[in-house]
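Thank you all for making time this morning.

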Amino acid sequence: MFGRNKNRSKQDHLILLVDDDKGQLDVFATWMAAIRPNAHIRSTTSVEEALNLITTHTFSLIISDYSMPHPGAGLDLFEAAIQSGISKSNFIMLSGTTDNLPDEIRLVSKGDLVALETAIEQVLT
Amino acid sequence: MTDGEEAASENYAEQSRQLEQLLIQRQKWLGDASHELRGPLNAAAMSLNVVTRRDDLPDGVQATLRNAERHLLHMSDLVRDMFDTAKLENDAFELSMTADVAVHEIVEEIVEEFAANPGVLSLRSIPDHTVTATLDRDRIRQVVRNVVSNAAKYRQTDKQATIAVLLHRIDDAYFEIVVDDTPNGLGMTKTDLEALNSGQPFWRAEAAKAVATGTGLGVQLSRKLVERSGGEILYESEFGVGTTVTIRLPYTSETDT
């Protein structure tokens, strides 16, 4: 468990991954651990749990699926994250479609691993 | 208005409402189906990506796994193209515009990706300038990737691809990305060019069918995505020599979505 810790080192990022598909979420967490071995990674399939986590933890980065399962669930999470004080640029939305998303959201197409890794580097460095 | 006219008018309004509902349901289904089909493909590609990061893999294994990863991502792109085409046909498609997109970085990423392709003899990137624009980053990346991918794939069977990718400003309003696969490209006949420009979905050049498999979706989808972005794609081609594809885009798009 990782509570609020303002003394975390630069490499010691706390990252939240949200996807309602457990199988895909596990793969995603494994991939994240491979590209960011020093990060602390929390993952959840539940939007409700994610909403609770962002009120009790300070995340350096949140990466969320857009459709969980209905399109827009990721948008609810984005808005809650902004209200809790997380910068818009520290939130990455994953989607298989680019329809109807506000421009302010950093969107990465699902499957574009190069773009995702680039976006993660931009947020965490 | 007579009773008969009033009834006909109500009937028409009801049918319009039903049609609108059907279109909404169709759009939702297209989005959901694309999402559900691409999810497992992307998860499999991500798993392979984790393994290929290891530096202790036996000779050849890493290249094989990277190849598998590339094919999975290609299939994921095909699924996206198929559903995007359907959405564009139904006018149910919106671009996600972002300011200050570094176009030269997109070009360099794609050139780097295809330079490792064993069928490519040389792939030169010549960005004359750093170009930043307001556009849908993922979609423009999709377009450039599609054009470069075709140049790498559809080459003369006994030769490797030689591709030049140029990026340059035209004026204060427009820039161009030019992909040129001459002289080792397949090129197209006049008939091919006419068919291409007529916008037929699933159309493929006769010579291309003999060289590699494909759906014919990428070319028409790319054209529509660029046009939606306020630009145009131009093709110049000579059969047996190659094709020069010019993607002309505005720095700031006024989309018609």
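Let me start in chain A, where strand 3, residues 61–65, and strand 4, residues 91–95, pair in the parallel sense over four bridges. As one example of that pairing, A:Asp65 has A:Leu94 in strand 4 as its bridge partner. Before I go further, please keep in mind that this is a predicted model.

Which sheet does this pair belong to? In chain A, five strands form an open sheet with parallel pairing, and their order across the sheet is 2-1-3-4-5. Strand 2, residues 40–44, and strand 5, residues 106–109, stand at the edges with a single partner strand each, so one side of each of these two strands is left without a neighbour in the sheet. On average, and ignoring direction, neighbouring strands of this sheet are turned by 20° against each other.

Stepping back to the chain as a whole, chain A has four helices and five strands, and read from the N terminus its elements run β-α-β-α-β-α-β-β-α. Of the 125 residues in chain A, 35% are buried. If we take the contacts in chain A between residues at least 6 apart in sequence, 58% of them join residues at least 24 apart.

Now to chain B, where strand 7, residues 242–250, pairs with two strands that I will take in turn. Strand 5, residues 174–180, runs antiparallel to strand 7 and is joined to it by seven bridges, and within chain B we find B:Phe175 opposite B:Leu249 of strand 7. Strand 6, residues 232–238, is also joined to strand 7 of chain B by seven bridges, again antiparallel, and here B:Glu232 has B:Arg248 in strand 7 as its bridge partner. Strands 6 and 7 of chain B form a hairpin with three residues between the strands, and in this hairpin B:Gly240 takes a positive phi near 85°.

Finally, how many residues does each chain bring to the contact between them? Chain A contributes 24 residues and chain B contributes 26. On the side of chain B that touches chain A, helix 1 (3–52), helix 2 (61–89) and helix 4 (137–153) of chain B each supply at least two residues, and helix 1 of chain B gives the most, with 13 residues. Sorted by class, that side of chain B has eight nonpolar, ten polar and eight charged residues.

Methods: Residues numbered from 1 in each chain as written. Chains lettered and ligands numbered in written order. Predicted model: local features only at pLDDT ≥ 70, side-chain atom pairs only at ≥ 80, totals over all residues. Contact = placed C-beta atoms within 7 Å. Nonpolar A, V, L, I, M, F, W, Y, C, P; charged D, E, K, R; others polar. Buried ≥ 20, exposed ≤ 12 C-beta atoms within 10 Å, placed from the backbone. Pairing = 2+ DSSP bridges. Axes fitted to C-alpha atoms, helices over the stretch in contact; angles between N-to-C directions.
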